[in-house]
Amino acid sequence: MKKGLLLSFLLMSLNILFGQNEQKDSLLYNKRDFFLQNFNPDAVNAFRSASGMPGPLYWQNNASYLIHATLSEKDTSITGDVVISYTNNSPDKLDYLWLQLDQNLFDPASRGAAATPVSGDRFDVRKFNLGGYHIGLVSVTYAGKSYNVQPVISDTRMQIRLHNPLLPKGDKISVRVNYNFAIPSHGADRMGRMHAKKGEIYEIAQWYPRMCVYDDVEGWNTLPYMGLGEFYCEYGNFDYYITVPAEMIVFGSGDLQNASEVLTTGEIKRISSAGISDKTVSIISQDEIGKPSVRPLAKGNLTWHFIMKNSRDVAWTASKAFVWDAARINLPSGRKAIAMSAYPEESAGDNGYSRGTEYLKNSIEIYSKNYFEYPWNTAVNVGGSVTGMEYPGIIFNEYNAQKAFLWNLVTHEIGHNWFPMIVGSNERKYMWQDEGFNTFINYQASLIFNNGEFAKDPMTSRRIFSMLDPANLRRYKDPLMMVPEAMALTDYGQYYGKTAFGLILLRNVILGKDRFDYAFRKYTEYWAFKHPTPNNFFHCMNSTAGEDLNWFWKEWFFTTWTLDQALSDVKYVDNDSSKGILITIENRGKMIMPVSLKIIQTSGDSAIVQLPVEIWQRGGVWTLKYASTGKIDKVILDPNKELPDADRKNNEWIMKDR
């Protein structure tokens with residue numbers, strides 16, 4: 001190389017090395033964490049496309065259920081049998097099947113019991129240890145032949161080893177299981193029983209052996225149920241029969257098939273009236289609880305028959321203590337559904353459950369309009385001992401909740417019917433993908449409902465914004481991608497708040513409302529009644545919004561990094577205010593975000609300057625020249641306080657010479 005050319009090359013290299021925007025890089029920030037191409041969502045294939053949609057060869061298996069169950073108050077138990085019709089749509093032959101036995105969580109020898117802290121927690125299972133499921137006869141019917149099997153039970157999973165493999169691409173098999181279990185009083189706060197003034201309230205879930213998911217990502221999904229991590233279920237049709245004492249009212253997921261057998265003529269008429277009313281209609285009032293006139297049979301048992309199609313689960317409740325009211329749901333297609341609330345008299349009143357049906361109806365109408373139409377015909381809000389839990393078409397909520405707390409419970413739990421009941425993500429692995437998405441749509445619903453009646457209530461915003469307090473962000477030791485059972489028990493609230501806040505940032509700061517809303521709705525439509533992974537979501541948002549957001553996915557979901565944007569210098573060009581100002585911004589944290597600056601002149605004029613996240617490609621320091629025409633009063637970073645900035649003391653610069 002010639003001497004002159006070498007000198008020029010060295011000078012150019014030094015100029016690059018010591019350019020104005022890289023002279024004073026942050027000690028924490030490293031652009032290579034974001035812009036070196038070492039992070040991308042997983043590779044795609046014919047099953048899951050690069051656009052984030054299901055691919056042309058996407059498949060999932062189907063599990064449909066016929067269930068008969070009897071509630072015995074004498075020994076507080078459920079006895080049942082389930083017939084599972086299972087279709088193998090995968091390209092693989094299956095030599096064995098895996099089922100979930102969630103009630104085994106309450107076996108004192110369960111993994112969940114062993115992993116419960118001495119201090120206990122919301123999902124404590126040690127206080128009830130009557131043994132979980134007692135499995136009776138297990139039989140298989142395949143190709144017209146039936147045989148009994150000895151299942152292999154491991155904690156909350158049961159393996160059935162087949163005599164003949166289940167063939168790929170549409171082969172079918174039937175599995176029958178007889179079972180019983182004692183109803184836990186506190187079922188890890190997901191089911192249980194409560195004594196009300198007028199009788200016991202039973203909230204029954206995880207009440208039948210059900211299929212594990214077999215998918216193209218992990219094969220059989222067999223993570224044990226341990227309390228905090230929730231559920232991952234196949235879709236199918238449910239036909240189920242619940243036998244209870246005749247004085248009880250039963251509400252279940254799906255459509256009641258035999259109303260004329262289990263309800264009175266008067267109740268059926270009132271339900272018809274509620275089906276055409278936008279105002280809440282009383283079906284059984286407080287004064288009518290326990291009266292013979294509300295039941296068609298005084299003694300003995302009655303069997304309630306429900307059907308629910310294209311669902312991943314069903315749950316139900318039973319009590320003789322219920323107040324019952326209902327109202328019509330208006331769906332975007334013109335179809336009508338019905339919202340109902342069932343609760344003890346202790347819960348009644350305008351501050352309490354007397355508005356529960358109103359909250360339920362409006363939440364479903366808001367989510368149906370903005371995300372995806374509610375696919376079922378009924379929805380039930382139950383007041384009982386469970387502090388808040390969701391199932392398709394039915395939700396369990398704390399019976400003594402009131403005002404904004406009750407609104408937030410109802411809109412949150414029914415919101416889960418979109419995530420993960422319609423969009424069927426794996427809750428046991430990725431809690432943020434259902435809790436966080438749901439918390440985000442809950443916040444949007446609060447802004448809309450009754451002109452924002454509860455939007456500004458601290459109870460509404462606390463779930464999101466208190467979680468994103470910079471002190472909390474610094475405290476979190478685990479990223480959102482941590483499996484729920486490994487997340488610190490004091491930190492798992494970030495699945496709700498941090499995720500929801502991240503979506504708010506995408507919508508309000510990074511993409512804008514139109515691009516975000518379109519992409520998020522498309523994700524919901526593409527994956528309705530299917531099984532998306534986190535990477536399917538990342539791909540879909542990138543492709544549909546037209547933005548490479550991999551930098552955001554990495555920092556927000558895979559790390560515990562924090563943000564600290566700072567104003568490090570503001571000065572006039574050549575000390576002359578008429579020539580404009582130079583504003584130097586530093587990125588002092590590990591996280592990056594776009595920049596918003598408010599520049600206020602002494603004349604009172606002000607302007608907002610937006611800088612894209614790409615400025616941080618050059619390093620941790622960026623200098624902007626702003627063409628001001630007069631003296632500057634102050635410069636403010638993030639003037640609307642939209643970002644989770646860890647140190648706002650360095651976000652404002654006041655000019656000494658104004």
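**Ground rules**

I am working with a predicted model, where local features need pLDDT of at least 70 and side-chain atom pairs count only at pLDDT 80 or more, while totals for chains, interfaces and linings use all residues. Residues are numbered from 1 along each chain as its sequence is written, and side-chain values use heavy atoms, with hydrogens and water left out.

**Entry 1**

Helices here are DSSP runs of H or I with at least four residues, strands are runs of E with at least two, and both are numbered from the N terminus. Axes are lines fitted to C-alpha atoms, for helices over the stretch in contact, and angles run from 0 to 180 degrees between N-to-C directions.

I looked up helix α6 (residues 356-370) against helix α7 (residues 403-415): their axes come within 9 Å and cross at roughly 45°. α6 and α7 are therefore oblique to each other (under 35 degrees counts as roughly parallel, over 145 as roughly antiparallel, 65 to 115 as roughly perpendicular, and the rest as oblique). The crossing of α6 past α7 is right-handed, meaning that the near helix is turned clockwise from the far one by less than a right angle.

Which residues of α6 meet α7? Taking contact as heavy atoms within 4.5 Å, I find Gly356, Tyr359, Leu360, Ser363, Ile364 and Tyr367 on the α6 side. Facing them in α7 are Lys403, Leu406, Trp407, Val410, Thr411, Ile414 and Gly415. The residues of this contact divide into eight nonpolar, four polar and one charged (Ala, Val, Leu, Ile, Met, Phe, Trp, Tyr, Cys and Pro count as nonpolar, Asp, Glu, Lys and Arg as charged, and the others, Gly among them, as polar).

**Entry 1: α11 and α12**

I moved on to α11 and α12, whose axes come within 6 Å and cross at roughly 130°. That makes α11 oblique to α12. From α11, Leu503, Leu506, Arg507 and Asn508 meet Lys513, Phe516, Asp517 and Phe520 in α12. By class, I get four nonpolar, one polar and three charged residues for the contact of α11 with α12.

**Entry 2: α13**

The 12 residues of α13 should span 16 Å, and the end C-alpha atoms are 16 Å apart, which agrees.

Is α13 enclosed or open? I find 10 of its 12 residues buried, so α13 is largely enclosed by the rest of the structure. (Buried is under 20% relative accessible area, exposed is over 50%, and partly exposed is in between, with a 1.4 Å probe and protein chains only.) Among the buried residues are Pro534, His539, Cys540 and Ala545. The cover over the buried residues of α13 includes α8 (432-448), α11 (494-510), α12 (513-526) and α14 (550-557).

I then took α13 with α14: the two pack at an angle of about 145°, with their axes 10 Å apart. α13 passes α14 in a right-handed crossing. Phe537, Phe538, Met541 and Asn542 of α13 make the contact with Asn550, Trp553 and Phe557 of α14. That contact has five nonpolar, two polar and no charged residues. Just after α13, I noted a positive phi of about 70° at Gly546.

Asn258 sits in the loop between β16 (255-256) and α4 (259-262). Its relative accessible area is 8%, so Asn258 is buried. Leaving out residues up to four places away in sequence, Asn258 touches Thr303, Trp304 and His305.

Arg32 lies in helix α2 (residues 32-35) and is exposed at 51% relative accessible area.

**Entry 3: backbone notes**

The peptide bond from Phe419 to Pro420 is cis, with omega near 20°, and I place Pro420 in the loop between α7 and α8.

Ala143 is not a glycine, yet has a positive phi of about 55°. I find Ala143 in the loop between β4 (134-142) and β5 (145-148), exposed with a relative accessible area of 67%.

Lys641 also has a positive phi, near 50°. Its place is in the loop between β30 (632-637) and β31 (652-654), and at 60% relative accessibility Lys641 counts as exposed.

Terms used: The expected span of a helix is 1.5 Å times one less than its number of residues.
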